[in-house]
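Visitor: I'd like to learn how to read a structure like this one. Could we go through it feature by feature?

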Amino acid sequence: MTFCVLRRSRSFASKLLLTAAAALSVTPRVTMAELCTDGGKCNDEVEKAKLAAEAAEKYKPEDSIFMKIIRKEIPADIVYEDDKAVAFRDVNPVAPKHILVIPRKPLMQLSSSTEEDIPLLGHLMWVAKSVAEKENLNESGYRLVINNGRDAAQSVYHLHIHILGGRQMSWPPG
């Protein structure tokens, strides 16, 4: 069983609820959420991705943290939603602007999409562009990221696009 340390932050209660729910929806081996307020790295995304990959083989996509957000069972700072997609602020941002765009359809990852998903995938890209524009990221620029699988550090097995902006990005990523 894995235990993580809790540290207080400004929005401790809501971040704790969402982060703990995410951890518990991904794998039963994670029992508490880890929050970071000192700007340092206080969680291991690679380790979380490994645990998520193991759990993804056992759990249904309908049980993911993102499906719970879509069903409004878990609170999120939603910035956009329509009949095909939802966009909300990441509770553990890695950039000043860090927003996730997810499909309402329980699609585990990009590699599990089919030709029938082409219109949905295009819509998700359009939503990402529209949200980035609404967040005033067009002039300075932004990065879109899709993690696909364990080696890409996918930590939630529900397709999602990260919109990252508000700071200079480095290259190469990863």
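Visitor: Let me start with one residue. Is Leu 144 buried, partly exposed or exposed?

Guide: First, keep in mind that this is a predicted model. To sort a residue, look at its relative accessible area: under 20% is buried, over 50% is exposed, and partly exposed sits in between. Leu 144 comes out as partly exposed because its relative accessible area is 32%. You'll find Leu 144 in strand β4.

Visitor: Let's zoom out. How many helices and strands are there, and in what order do they come?

Guide: The chain has 4 helices and 5 strands. Reading from the N terminus, the order is α-α-α-β-β-β-α-β-β. Of the 174 residues, 43% are buried. Among contacts with a separation of 6 or more, 60% are between residues 24 or more positions apart.

Visitor: On to the inside, then. Which residues have the most contacts inside the largest nonpolar core?

Guide: Ala 87, Ile 99, Val 101, Leu 124, Val 131 and Ile 163 do, in a core of 16 residues. The elements giving two or more residues to this core are β2, β3, α4 and β5. The largest share, 6 residues, is from α4. Another core lies apart from this one, with 11 residues that include Phe 66, Met 67, Ile 70 and Phe 88.

Visitor: What does Ile 163 touch, once its close sequence neighbours are left aside?

Guide: When you read a contact list, set aside the neighbours within four places and see who remains. For Ile 163, the contacts include Ile 99, Val 101, Val 131, Leu 137, Tyr 142 and Leu 144. Lys 97, His 98 and Arg 143 are also among the contacts of Ile 163.

Visitor: Now a charged residue. Where is Asp 90, and is Asp 90 buried or exposed?

Guide: Asp 90 sits in the loop between β2 (85–89) and β3 (97–103). With a relative accessible area of 18%, Asp 90 falls under the 20% cut-off and so counts as buried. Beyond its neighbours within four places, Asp 90 contacts His 98, Ile 99, Leu 100 and His 162. A polar atom of the Asp 90 side chain lies 2.7 Å from the backbone nitrogen of Asn 92. Asp 90 and Ile 163 are 73 residues apart along the chain, yet their C-alpha atoms are separated by 9.5 Å.

Visitor: What about salt bridges? How many does a search of the whole structure find?

Guide: The general idea is that side chains of opposite charge can pair when their charged atoms come close. Here the search finds 10 salt bridges. Arg 71 and Glu 73 form one, at 2.8 Å from N to O, and Arg 71 is partly exposed at 38% relative accessible area. Lys 72 pairs with Glu 81, with 3.0 Å between the closest N and O atoms. Another joins Asp 151 and Arg 150 at 3.2 Å. In that pair, Asp 151 is exposed because its relative accessible area is 73%, while Arg 150 is partly exposed at 47%.

Visitor: Which residues do salt bridges with shared partners join into one network?

Guide: Asp 77, Arg 89, Lys 97 and Glu 135. Take Glu 135 from that set: its place is in the loop between α4 (118–134) and β4 (142–145). At 8% relative accessibility, Glu 135 is buried. Leaving aside neighbours within four places, Glu 135 contacts Val 79, Arg 89, Lys 97 and Ile 99.

Definitions and conventions:
Residues numbered from 1 in each chain as written. Predicted model: local features only at pLDDT ≥ 70, side-chain atom pairs only at ≥ 80, totals over all residues. Heavy atoms only, no water. Buried < 20%, exposed > 50% of the residue type's maximum accessible area, 1.4 Å probe, protein only. Contact = heavy atoms within 4.5 Å. Polar contact = N/O pair within 3.5 Å; in protein donor to acceptor, adjacent residues only side chain to side chain. Core = buried A, V, L, I, M, F, W, Y, C linked by side-chain atoms within 4.5 Å. Salt bridge = Lys/Arg side-chain N within 4 Å of Asp/Glu carboxyl O.
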